[in-house]
Amino acid sequence: MPTPSLAALPIRRLTHRDLTACADLSEDRGWPREEHKWGFLLTAGKGYGIDDPDGGLVSACVVTEYGPQHRPDLGAIGMVLVAGRHSRQGIGRRLMRHVLSAMGPTPLTLHATPNGRPLYEELGFKVTGRAEMLRGHFTPGSSESAVATRAATAEDLSMILRLDEEVFGADRTHIITRLPAFTDQLRVAEENGRIIGYAGAWPNMDTQVVGPLIARDTETAKALIASLAAHTDRPLRTDIDVRHEELLTWAKERGLVSVAFNAVMMYGISELPGDWTRRFAPLTVAAG
């Protein structure tokens, strides 16, 4: 039987059962397999993909929604991939158009690489900011921070959720409540019994990714990063909003090196909701 044309192949919802196929697709494009992250995104978000008649996936992406379940305030698009053997045939554009249609009036955000940015601009996304990816072994400073940090406990969850919604600008309960299982570390910064910031560190191949990172100010963000680094031997990786110049300079002085820049893009709104001054790094660029 003749192989159906790519344009005729249906787009379907992906589930956790597609984790290996998604990781294979990442590897096909020269990305790390990132099975831990794929598993999280496929469980917490909505995956979309196209099956290859010869096996595996032609294309895939994930959308993570925030806010009310049936009327989300924001959707984050990530992990947009097309198999190398099917690249430059309009498949990524077709998948993205499907997602835009499925999301209706919901505002959307994504982090775009330089290669992906032209497609997203063609679809109507606008660049509203940038994030700088840093990676490296963290070297502690000579003086201790005045900001107190500790491991988060179950009793902290309600305060973390309130702080996160205030700073992020949308309800992320379904994401935040998964962090204790997803992260290797979840730590809070505290002042007079009140949580003024929190951060997680989760395993991604040979690194610990720092994110989310929510903090009252730059000194609190520094203290949280330093406390996470003190409890791992792995290199750290994080994606910091470039407007946080002081934190970026400090992190580079502590051994983290600039790896890449991604454009933060929006569709349907001009900027992200919430308070960017306290939002230092995302959980992952794939989930906003």
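This is a predicted model: local features need pLDDT of at least 70, side-chain atom pairs count only at pLDDT 80 or more; totals for chains, interfaces and linings use all residues.
This is a short walk through one protein model, from its overall dimensions to a few individual residues.

Okay, housekeeping. Residues are numbered from 1 along each chain as its sequence is written, and side-chain values use heavy atoms, with hydrogens and water left out.

The C-alpha trace spans about 70 × 35 × 35 Å along the principal axes. The radius of gyration is 19 Å, which agrees with the value near 19 Å for a compact globule of 288 residues. That radius is taken over C-alpha atoms, and the globule rule is 2.2 Å times the number of residues to the power 0.38.

How much of the protein is buried? Buried residues make up 52% of the 288, where buried means under 20% relative accessible area, exposed over 50%, and partly exposed in between, with a 1.4 Å probe and protein chains only. For contacts between residues at least 6 apart in sequence, 71% join residues at least 24 apart; contact here means heavy atoms within 4.5 Å.

Strand β1, residues 11-14, runs antiparallel to β2, residues 46-51, with 4 bridges between them. Two strands pair if DSSP finds at least two bridges. Arg13 sits opposite Tyr48 in β2. From β2 we go on to β3, residues 57-66, again antiparallel, with 6 bridges, and there Ile50 faces Ser59. The β2 and β3 hairpin has 5 residues between the strands, and Gly55 takes a positive phi near 110° in it.

Helix α2, residues 35-44, is mostly covered, with 7 of its 10 residues buried.

Next, Met265, which is in strand β12, residues 257-267. Buried or exposed? Met265 counts as buried because its relative accessibility is 0%. Leaving aside neighbours within four places in sequence, the contacts of Met265 include Leu108, Tyr120, Phe125 and Thr128.

Let's follow that last one. Thr128 lies in strand β6, residues 126-136, and is partly exposed, at 34% relative accessible area. Beyond four places in sequence, Thr128 touches Val264, Met265, Met266 and Ser270. Thr128 and Leu272 are 144 residues apart along the chain, with 8.5 Å between their C-alpha atoms.

Most residues other than glycine have a negative phi, and most peptide bonds are trans. So which peptide bond is cis here? The one from Gly211 to Pro212, with omega near -5°; Pro212 is in strand β10, residues 207-215.

Then we have two positive phi values without a glycine. Met79, at about 55°, is found in strand β4, residues 74-82, and is buried, with a relative accessible area of 5%. Asn192, at about 50°, lies in the loop between β8, 185-191, and β9, 194-204. Asn192 counts as exposed, at 80% relative accessibility.
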